[in-house]
Amino acid sequence: MIEVLSQGFDGGKRCLRFEAGGLLQTVYEHPDCPLPLRNILEGAVAWQKRNEYKSGTALRTIPQYAAVLLALGTQVTTGENREALSDFIERSGPVGKLTDIFVPLDVTGRIYGESHVRRTPTDTPIVSAMAGVDIVDGIVKQARLALTGVWEDNVHLAKAANLLVGKPLDTQTIADVAAAIQEEVNPKGNYLGSVEYRRAMAVITIKRALEICSKGGMLS
Amino acid sequence: MSTETIQVNFILNGVQHQESIERGESLLEFLRKLGMYSVKNGCSEGDCGMCTVLVDGQPVPSCMWKAQEIEGRSVLTLEGLSKRDEMHPLQQAFIDTGAIQCGYCTPAQILTAKALLERNPNPTDEEVGEALSGVLCRCTGYVKIIDGVQRAAAWLRGESVSLEVALPQIHTPPEMSMYEDLQVVGKPVQKVDAVKLVKGYPVFTDDFVLPEMLYGAILTSPHAHALIKRIDASKARALPGVHAVLTHEDVARIKYASGGQSYPQPEPHDQVSLDNKVRHVGDRVAIVAAETPQLAEKALRLIEVEYEVLPPVLDPRDAMKDGAPVIHDEADTSGIHDAKHNTAYHIEAQVGDAEATFKTCDHVFEGEYTTPRQQHVNLEPHVTITYWDEDDRMVVRTSTQVPYHCRRIIAPLIGLPVKRIRVIKPRIGGGFGNKQEIVLEDVCAHLTIATGRPVRMEYTRRQEFTSSRTRHPQVIRYKIGVKGDQVIAMDLYVIGDTGAYATHGLTVQMVGGFKGLSLYNPPNARFISDVVYTNKPISGAFRGYGTMQETYALEVLMEEIAEKLGVDVVKFKLDNVLKVGEPMYLATELGEGRQGYEQTLGTSAIDKAVEIGLESTDYYAKREEYARQNQSSTGHIKRGIGMSIMMHGSGVAGLDMACVTFKMNDDGSFNMYTGSTDIGTGSDTILAQMAAEVLGITTEDIIVHAADTDFTPFDTGAYASCTTYITGGAVQKAAQDIRRQIQEHAAPMLSVDDPAKLILRDKKVFAPNGRSISLQEVALDSLHWHNQHQIIASASHISLVSPPPTAAQFVETKVDTETGEIFIENMLMVVDCGRVINPITAAGQVEGGMMQALGFAQCEDMYFDENGRPLNARLGPYRIYKSNETPKMEVIFVQTDEPSGPFGAKSISEIAIDGVAPALVNAVHHATGVWMRDLPLTPERVWQALKTR
């Protein structure tokens, strides 16, 4: 079941609701699927995989998909409880059964930028960054920066996003955020990239994602 | 044993079905039980796409879907796409464009393409690549698959499509004009196995179910190095439905070496079917046969094993040190060079005096390089079915490149004489050398002997990584002495990591040494190699076979030398490369596991190949332009172009042997019996082309039978790039004998005195006066009327030379200097393989080879933790290139006329993999100034190198 609801949130006039038990392909094919989400589903997830993975379980298995949903300001429901996806992901202990996923649509002034590092052009990223930034009159009102490959677990929102709020998205601000990201991330090294490399790539990818935003970015 | 069953209603290939399924059964298992054998298993983890079917028009991985999920839905498999005499446009287009090599991925590719074209009738190449990215192909490089989809799309849009398909450029020197009237050889003839593959017929080993068949499974070691102190299989044996559990206590301890090589197998024979010691994670511990695969797995879990875990040694350099853990401390293995230092072999060979000559050189350059543990990723896993036939002979139906070696090697292991063993090779879903080994055949036969029942065994994808074979990782140290601009001395030291067992360790390193010192062939050269055991998966044969590793190191160091000397690298290489007429100095010392034969380079188009490549890529202009751009730009993207040259071999001189038999049928067609094994290369097709050329017919009148040790004659098998050259030689001889017999029988029918004056053409025999009779008339007359006899001939062929194909490889790349990422833009290979027998299959070999080589160079490696446990033994984390990331690839042929080869042919399959790595490393250097010495070029490696430049 996937539908567009007229009740928006997080600045969105409407929202897209899809069941956690539905296939990713259903989300991908929906005409109101936000472009950043569609791009990730197309570039990072093969067609067969989109017909294998459920929208809920993919949050754990496809970090880039979780990252884009985080940047989009997604909410989820677990039974009666509706909460931000970021809270759901970061909650330790029992998380409850995920039932629905809500993505805000038509958010005025929200732009997106994405960057990643990988072995081959469509490989699972070693590190990726997804930025969702609300800019009003040249000033950042809200920002979400989701990174993969630089945490103990798959994906998280970075607190450094707060440094953007109230400032113009200029070179200095981006540099400040990138510097803060370097301190904030806590990567685990593996054969794809050491701790040192992942930390460095967190800086590069977040910088690039924000630079894309500063140049107009991708609208949803 | 009770299993819960449920009813499902669904449409399969347009027909309503109601079936009982076992709850939890995968859709893949269910469909294959229904006889839908086009649905293939490649990984059972949703990573490879081989099992793709369409459910309500959507491509789904049937291994990950539960069968009950199709309730009320419509399922399409390839069986439903066409009728026996009709083909879907996609199927026809796949045949026309050469999109099929081994054919294992073809059903999934076609179904996914069908789903795409129903949504998007006019896709771009990028969209096709994107849509097909969930279906891996290890053979083709995807170029021809995308071409095939586009050709079908045009048909389906109603556009007129030329019957001709795009062919690679072929440059032919004037002296080859004698071949101008060839009718079949050199033509883009359709693959003889294309129809059955494109229709998904049950042609592979596993597409075969016998009554009472049991399912075998292997318990593998979780430890890299351990003694089995106690093993108790009683609980597993007590499980109802389990028919046999065998451990080292149950199987005779017969020593052998699993490498599928000619008799006598090089020592050491350091393996047994089941041992009381394990030497790598994935090593064999016990085997089980049970009524179902699930039950077999359950039985494995009930086997209690008490291990004494020993310290592993994972780096060959550590393994050679005093005091290192000794991997082969067993008393009954002979022939290990130095077991205490884990050195299976120590090889030394030399010509002249390299050490003394270095002192006379103007410059001496050294470089150390390492290469990765690349895995073959043959998409059809190893699979074997064994059973007793009606004469109590053991039939081994197996996915093997070496049926005859297999029969000879397993005979003592299973306690049967060769005459009681029959090995059948069905179609093979990719091999690349991985199936030039005895991997499952002995254990599967042990289980049939123990149970009296047919047994099927198949590796899981994880076992393909841990328990089949890999490429030998090497540490390569070159020392090159130059006087003026001439290379006059070379020293090559190679540490070959053979993993837990020696198998191909001797020969891979010997071939690497020979080719690595013969490309520039200095008169003073020394080769030393230590082939070292480690507690890692077993290294074995892999396309390239040592040559690939050494070519990488050599071609990078030669580039570095030219730069340091300030000379043009292309000129430097061509000035020093082995020339036609020159002897290869180390040929006799470095045969393949034994004394070799003298070799002189007979044909080579390397100069021409380089010339064409330089022109096609605009190499010099780009070298200047990119250098200027890289210098002036402050951006993080740099561009580079690099090249390399290479040569390979065509079979093993004086060792590889093939025999081929032809038999004429009543209608003038022919059965061709060959023990060679087409592993997707198209070798059955090019052999049929050669025969057809001699006999004046088309390949449609050649019925190829390969391979069955009961019926097809001996052939060493598909390895060492030997089939075109060696088996082709046998084909040519046998077909010529058949032609002679036809001429002799037809001469009185045509009232001609001299049979040699008769010409075979268009399935007829022509007399000088223009009269003709059909081959059918000759056949019927010879079988039923006059001088009755079967027109039949066999011929064997061996060659004391192994003429090298030669080639030039060019790669253009971008490098992100902030991240270390590499983005390949173009790859061009210009190849001299002698006569090109079939331009489509030959180009497919080169494209696929370049793609596999790109994986070796850029992303493929196996990683282990400190205890030797693999970290990326799955297709996803291991990563091979997919259809949506394929760089632009081009293939150009420069023909030579190799006098010792059939129709002037040499070989093609392995040289295609040799040159990408050095050309890419050289391109990265051109872009960034750094010399990369360790493969693969992972982003972090490049980033680290850039940081420290």
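Predicted model: local features only at pLDDT ≥ 70, side-chain atom pairs only at ≥ 80, totals over all residues.
Visitor: What ipTM and pTM does the predictor give the complex?

Guide: The ipTM is 0.97 and the pTM is 0.98.

Visitor: And chain B, what is its mean pLDDT?

Guide: It is 97 for chain B, and 100% of the residues reach 70 or more.

Visitor: Switching to chain A. Which domains is it divided into?

Guide: Domain 1 covers 2-107 and domain 2 covers 110-214. Their C-alpha centres lie 20 Å apart. The contact between them takes 16 residues from domain 1 of chain A and 17 residues from domain 2 of chain A.

Visitor: Which element gives the largest share on the domain 1 side?

Guide: α5(A) does, with seven residues on the side that touches domain 2 of chain A. The elements giving two or more residues to that side are α2 (35-43), α5 (63-71) and α6 (85-90) of chain A. That side of domain 1 divides into ten nonpolar residues, five polar and one charged.

Visitor: How many residues of α5(A) are buried?

Guide: Nine of the nine, so α5(A) is largely enclosed by the rest of the structure. Among the buried residues are Gln64(A), Tyr65(A), Val68(A) and Leu70(A).

Visitor: What follows α5(A)?

Guide: Gly73(A), with a positive phi near 80 degrees.

Visitor: How many residues are in the largest nonpolar core?

Guide: It has 327 residues. Those with the most contacts inside it include Ala131(A), Leu145(A) and Ile206(A) from chain A, and Leu586(B) and Val924(B) from chain B. Domain 1 (2-107) and domain 2 (110-214) of chain A both give residues to this core, so it lies between them.

Visitor: What is Leu145(A) in contact with?

Guide: Leaving aside neighbours within four places in sequence, Leu145(A) contacts Ala129(A), Ala131(A), Leu157(A), Ala158(A), Ala160(A), Ala161(A) and Ile206(A).

Visitor: Where is the second core?

Guide: That separate core has 53 residues, including Ile231(B), Ala233(B), Leu246(B) and Cys406(B).

Visitor: Back to chain A. Why is β8(A) largely enclosed?

Guide: Strand β8 (residues 139-148) of chain A has seven of its ten residues buried, so the rest of the structure largely encloses it.

Visitor: Which way does β8(A) pair with β7(A), and over how many bridges?

Guide: Strand β7 (residues 127-136) of chain A pairs antiparallel with β8(A), over nine bridges. Ile135(A) stands opposite Val140(A) in β8(A). Their hairpin has two residues between the strands, and Asp137(A) there takes a positive phi near 55 degrees.

Visitor: How many bridges join β8(A) to β9(A)?

Guide: Three, and the two strands run antiparallel. Ala146(A) has Leu157(A) as its bridge partner in β9(A). The hairpin of β8(A) and β9(A) has six residues between the strands, and Gly149(A) takes a positive phi near 80 degrees.

Visitor: Now chain B. What order does the open sheet of three strands have?

Guide: β10-β8-β12 (chain B), with antiparallel pairing. The edge strands are β10 (277-278) and β12 (304-309) of chain B. β8(B) and β10(B) pair over two bridges, and Ala226(B) has Val278(B) as its bridge partner in β10(B).

Visitor: Which residues does a cis peptide bond join?

Guide: One joins Tyr263(B) and Pro264(B), with omega about -5 degrees. Another joins Glu267(B) and Pro268(B), with omega about 0 degrees. Pro264(B) lies in the loop between β9 (242-246) and β10 of chain B, and Pro268(B) lies in the loop between β9 and β10 too.

Visitor: What is the phi of Asp56(B)?

Guide: It is positive, about 50 degrees, although Asp56(B) is not a glycine. Most residues other than glycine have a negative phi. Asp56(B) is found in the loop between β3 (52-55) and β4 of chain B. With 13 C-beta neighbours inside 10 Å, Asp56(B) counts as partly exposed.

Terms used: Residues numbered from 1 in each chain as written. Chains lettered and ligands numbered in written order. Pairing = 2+ DSSP bridges. Helix = DSSP H or I, 4+ residues; strand = E, 2+ residues; numbered from the N terminus. Domains from an automatic or database assignment. Contact = placed C-beta atoms within 7 Å. Nonpolar A, V, L, I, M, F, W, Y, C, P; charged D, E, K, R; others polar. pLDDT = per-residue confidence, 0-100. Core = buried A, V, L, I, M, F, W, Y, C linked by C-beta atoms within 7 Å. Buried ≥ 20, exposed ≤ 12 C-beta atoms within 10 Å, placed from the backbone.
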